[in-house]
Amino acid sequence: MTKVFRFGVIGCGLMGREFASAAARWLHLSNPAARPEIVAVCDTNASLMDWFADNVPTVKQRTTDYRELLANPDVEAIYCAVPHVLHQEFYIAILEAGKHLLGEKPFGMDLMQNRAIMAALAKRPDLVVRCSSEMPFFPGAQKVIQMANAGAFGDIIEVEAGFLHSSDLDRKKPINWKRMEHINGDYGCMGDLGMHVLHVPLRLGWKPQTVHAQLVKRVTERPDGKGGMVPCTTWDNAAISTRVKTDSQDFPMLLKTFRIAPGESNTWYIRVLGMNKSAFFSTKQPRQWHWMDYEGGRQSWQTEDLGYDSLFPTITGKIFEFGFIDAIQQMWAAFVDELAGNKANGFHCATPDEAASHHAVLTAALVSGSENRVVSVDYSTGISA
Ligand SMILES: NC(=O)c1ccc[n+]([C@@H]2O[C@H](COP(=O)([O-])OP(=O)(O)OC[C@H]3O[C@@H](n4cnc5c(N)ncnc54)[C@H](O)[C@@H]3O)[C@@H](O)[C@H]2O)c1
């Protein structure tokens with residue numbers, strides 16, 4: 001029988017409801033080892049909890065105080081999707097309450113917050129804890145990852161990974177917490193998008209040793225939604241030029257986290273250029289991936305329509321399209337599969353260690369961008385520092 005894990009959702013906004021949607025159509029997955037059931041919700045905005053009451057009949061507890069939810073012995077695991085400034089307090093309380101956690105990125109607003117979370121985590125090795133990052137679950141992304149794992153690229157010439165948004169191009173877009181430094185953090189666009197961009201490189205062992213970041217602020221004030229204007233001080237765009245050195249490779253890697261990329265609504269991509277093979281996948285063309293084999297003759301890129309060739313099998317025919325909400329569900333399938341004691345079909349969600357490494361890169365990028373110099377990345381955990 002399919003095992004059931006009872007979940008609490010803390011933060012019922014954009015992402016909290018994406019989880020509810022993925023959980024509601026769990027029948028989409030073929031023979032999952034386990035399934036999530038949302039039994040408790042918490043948000044300071046009561047109308048968002050009304051949405052859960054209307055749409056998720058299994059919810060028995062609703063509260064504006066996350067501590068009450070954590071005291072509920074019925075709740076085994078938590079999805080926490082709250083503004084960045086709350087990650088440290090909430091994630092630590094969740095771990096201390098002995099609940100499994102899928103936490104949203106950036107997993108702590110800054111390096112110090114992340115280290116505090118990692119210190120709490122070190123005391124609870126019994127819990128399954130992962131960081132949200134769904135884009136690598138696109139079938140095309142998995143193809144690039146498989147090629148890398150097979151060592152097929154040969155000597156790598158260059159890697160580029162990016163996440164591009166465009167809605168902030170609109171100067172009239174009212175400010176929200178994601179554009180406020182005291183709630184979103186000093187990283188700005190890097191805190192929003194950096195985990196998405198670094199997840200695959202870090203999983204493949206491509207850790208930047210040095211970074212040189214170009215940080216851009218173009219929109220310095222925004223409507224406050226009440227007829228006035230307020231300062232908007234977060235970084236809009238970051239282009240981080242890094243150098244990756246491993247035992248066998250030494251190559252440049254460019255990471256882009258852009259909130260202002262004209263024409264791009266939510267584009268995640270990765271391109272790997274190698275001496276033997278090269279590969280490219282972008283969510284802009286979600287069903288296709290591209291690669292090139294080179295054996296000394298013709299240089300010709302190939303394109304394949306993948307359709308719904310997902311990591312976790314589903315009822316959907318393989319010729320049909322795969323999209324964002326499918327990537328979200330596949331990520332959840334990976335997390336719940338790990339809760340059930342399995343290995344997430346070989347590709348688990350981003351780990352807390354990967355999130356900690358991404359903080360090391362972003363912190364170096366912040367220094368680099370502010371001082372316009374090359375900075376070495378310090379990956380030492382130093383959790384007591
Ligand atoms: N994985 C992704 O693709 C993705 C996309 C967007 C956002 N995120 C991340 O998800 C998290 C939340 O972002 P979002 O876009 O859902 O934001 P959101 O603003 O839509 O939702 C956050 C919710 O937290 C609630 N909240 C605020 N303070 C609270 C408190 N003290 N107690 C309980 N609830 C509280 C708010 O009322 C809101 O409903 C962030 O960490 C963000 O980086 C991830």
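Biologist: Which residues come nearest to the ligand, of the 22 around it?

Modeller: Those are Gly11, Gly13, Leu14, Met15 and Glu104. Please keep in mind that this is a predicted model. By class, the shell around the ligand holds 11 nonpolar, 6 polar and 5 charged residues.

Biologist: Happy to. Why is Ala97 called buried?

Modeller: Ala97 has 20 C-beta neighbours inside 10 Å. The cut-off for buried is 20 or more, so Ala97 counts as buried. The residue sits in the loop between helix H4 (87-96) and strand E5 (100-103).

Biologist: Which distances describe Ala97 and Leu70, in sequence and in space?

Modeller: Ala97 and Leu70 are 27 residues apart in sequence, and their C-alpha atoms are 6.3 Å apart.

Biologist: And what makes Asn72 partly exposed?

Modeller: Here the count is 18 other C-beta atoms within 10 Å. Partly exposed lies between the limits of 12 or fewer for exposed and 20 or more for buried, so Asn72 is partly exposed. Asn72 belongs to the loop between helix H3 (66-70) and strand E4 (77-80).

Biologist: What does Asn72 touch, leaving out residues up to four places away in sequence?

Modeller: Asn72 touches Gly8, Ala40 and Gln61. Contact here calls for C-beta atoms within 7 Å.

Biologist: Let's turn to the domains. How do you know where domain 1 and domain 2 run?

Modeller: The domain assignment of the protein chain gives 3-131 for domain 1 and 138-322 + 351-371 for domain 2. Their C-alpha centres lie 25 Å apart.

Biologist: How many residues of domain 1 are in contact with domain 2?

Modeller: There are 19 residues of domain 1 in contact with 21 residues of domain 2. On the domain 1 side, helix H5 (111-122) and strand E6 (129-131) each supply at least two residues. H5 gives the most, with 4 residues. That side of domain 1 has 11 nonpolar, 5 polar and 3 charged residues.

Biologist: What do the UniProt annotations cover?

Modeller: An unreviewed UniProt entry places "domain: Gfo/Idh/MocA-like oxidoreductase N-terminal" at residues 5-127. In the model, that stretch is 39% helix and 21% strand, with its end C-alpha atoms 13 Å apart. The unreviewed entry also gives "domain: GFO/IDH/MocA-like oxidoreductase" for residues 142-246. Residues 142-246 are 26% helix and 31% strand, and the end C-alpha atoms are 22 Å apart.

Biologist: Which residues of helix H6 are buried?

Modeller: In H6 (residues 139-149), the buried ones are Pro139, Gly140, Ala141, Gln142, Val144, Ile145 and Ala148. Their cover includes helix H8 (189-203) and strands E13 (267-274), E14 (277-282) and E15 (288-293). Just after H6, Gly151 has a positive phi of about 70°.

Biologist: Which members of the largest nonpolar core touch the most other members?

Modeller: Of its 105 residues, Ile10, Val41, Ile78, Cys80, Ile94, Val144 and Ala365 do. The core draws at least three residues from each of domain 1 and domain 2.

Biologist: To finish, what does Ala365 touch, not counting residues up to four places away in sequence?

Modeller: The contacts of Ala365 are Met190, Val211, Ala213, Ala238 and Ile240.

Key. Residues are numbered from 1 along each chain as its sequence is written. This is a predicted model: local features need pLDDT of at least 70, side-chain atom pairs count only at pLDDT 80 or more; totals for chains, interfaces and linings use all residues. UniProt positions are given in the numbering used here, feature names are shortened, and annotations may be inferred rather than shown by experiment. Domain bounds come from an automatic or database domain assignment. Two residues are in contact if their C-beta atoms, placed from the backbone, lie within 7 Å. Ala, Val, Leu, Ile, Met, Phe, Trp, Tyr, Cys and Pro count as nonpolar, Asp, Glu, Lys and Arg as charged, and the others, Gly among them, as polar. A residue is near a molecule or strand if its C-beta atom, placed from the backbone, lies within 6 Å of it. A nonpolar core is a set of buried Ala, Val, Leu, Ile, Met, Phe, Trp, Tyr and Cys residues joined through C-beta atoms within 7 Å.
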